[in-house]
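The sequence and structure are shown first.

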Amino acid sequence: MTEVPPVQPVHAAAAPAVAVAASPAPVARLSLRPLALGELADLAASRIPAGMVGRVQPGALPPAFVAQRALDRIGQGASEFWCATFLIVRDDGEIVGGCGFKGEPAKGRVEIAYGIAPAHRRQGAAAAAVQALLDLAFSNGVREVFAEILPENAASIAVVRKLGFRLDCTRVDEDGDVVGMYSFAPPVERY
């Protein structure tokens, strides 16, 4: 996987796309592109943003509640960089998923989330996106990244384990679901 250059927290609409490599070969190159506030508003209203029509795989965009949560947090003064969503985009412009931070870091920790369109799963896109989020987080002062994953989501668990996350505990989340809390703290020399 290629190294992602450090990106400073900036306004999401102005943030550059971050190139990531994925494997195996069917998904050769991906980039992360932050969603602008207007695009988040469209998604929160269950609309596909105008510039994305015809380029989005079914199941690639984050659900309306994720976009609304981001808008609510940003509206309360939180950083767009830490609360907005990144699109996972192939070289040809096709949108295959979304990922991002679920809020600003607290005590050096930040939570991530990600999703890939069913037609593009098991091709390395999720691992590439999570690696890019790790690189962004650690380049911006975070010491630990975590993800909460339902126990039955074996594919997602495989992604984080492949990248070196460890299962810390299980807990009941705000929706009443039991989730595993997986975390990753890099070796000091890596970042």
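Glycine 77 follows helix H2 and has a positive phi, near 100°. The model in which this residue is described is a predicted one. Helix H2 itself comprises residues 64-75; at 1.5 Å a residue, its 12 residues should span 16 Å, and the end C-alpha atoms are 16 Å apart, in agreement with that expectation.

The buried residues of H2 are Val66, Ala67, Ala70 and Ile74. Seen down the helix axis, these residues fall within an arc of 100°, so they line one face of H2. In general, an α-helix has 3.6 residues a turn, so residues three or four places apart point the same way. The buried residues of H2 pack against helix H1 (37-44), helix H3 and strand E3 (85-90). On the other side of H2, Phe65 and Gly75 are exposed.

Strand E3 also contains threonine 85. This threonine is buried, with a relative accessible area of 6%. Beyond its neighbours within four places in sequence, threonine 85 is in contact with Arg33, Pro34, Leu35, Leu40, Pro62, Val66 and Cys99. One of these contacts, Val66, is among the buried residues of H2.

**Overall architecture**

The secondary structure of the protein comes to 5 helices and 8 strands. Along the sequence, these elements follow the pattern β-β-α-α-α-β-β-β-α-β-α-β-β. The protein has 191 residues, of which 48% count as buried. Among contacts between residues at least 6 apart in sequence, 56% join residues at least 24 apart.

**Aromatic pairs**

A search of the whole structure finds 6 aromatic pairs. One of them is formed by phenylalanine 81 and phenylalanine 101, with 5.8 Å centre to centre and 35° between the planes, a tilted arrangement. This pair links distant parts of the chain: phenylalanine 81 belongs to helix H3 (residues 80-83) and phenylalanine 101 to strand E4 (residues 95-101), 20 residues apart. Both phenylalanine 81 and phenylalanine 101 are buried.

The rings of phenylalanine 165 and phenylalanine 184 have their centres 5.6 Å apart and their planes at 35°, so this pair is tilted as well. Phenylalanine 165 lies in the loop between helix H5 (154-162) and strand E7 (166-172), whereas phenylalanine 184 is in strand E8 (residues 178-184), so the pair ties together parts that are 19 residues apart in sequence. Phenylalanine 165 counts as buried at 5% relative accessibility, and phenylalanine 184 counts as buried at 8%.

Phe81 and Phe101 also belong to one aromatic cluster, together with Trp82 and Phe86.

Phenylalanine 146 lies in strand E6 (residues 144-149). Not counting residues up to four places away in sequence, phenylalanine 146 touches Arg109, Val110, Glu111, Ile112, Phe165, Met181, Tyr182 and Ser183. The C-alpha atoms of phenylalanine 146 and arginine 109 are separated by 7.3 Å, although these residues are 37 residues apart along the chain.

Glutamate 111 is placed in strand E5 (residues 109-116). With residues up to four places away in sequence set aside, it touches Gly100, Phe101, Lys102, Phe146 and Glu148.

| Residue | Relative accessible area |
|---|---|
| Phenylalanine 165 | 5% |
| Threonine 85 | 6% |
| Phenylalanine 184 | 8% |
| Phenylalanine 146 | 11% |
| Glutamate 111 | 17% |

**Confidence of the model**

The protein averages a pLDDT of 85, and 83% of the residues score at least 70. Among its elements, strand E6 has the highest mean pLDDT (97), while strand E1 (residues 18-21) has the lowest (50). Over residues 1-16, pLDDT stays under 50, and the model has 34 contacts for them beyond four places in sequence. Residues 21-28 likewise stay under 50, with 17 contacts beyond four places in sequence.

Conventions. Residues are numbered from 1 along each chain as its sequence is written. This is a predicted model: local features need pLDDT of at least 70, side-chain atom pairs count only at pLDDT 80 or more; totals for chains, interfaces and linings use all residues. Side-chain values use heavy atoms; hydrogens and water are left out. Rings of Phe, Tyr and Trp (its six-membered ring) pair if their centres lie within 6.5 Å; planes under 30 degrees apart count as stacked, over 60 as edge-to-face and the rest as tilted. Helices (H or I, at least four residues) and strands (E, at least two) are DSSP runs, numbered from the N terminus. Buried means under 20% relative accessible area, exposed over 50%, partly exposed in between (1.4 Å probe, protein chains only). Contact means heavy atoms within 4.5 Å. pLDDT is the predictor's confidence in each residue, from 0 to 100. The expected span of a helix is 1.5 Å times one less than its number of residues. The arc is that of the directions from the helix axis to the C-beta atoms.
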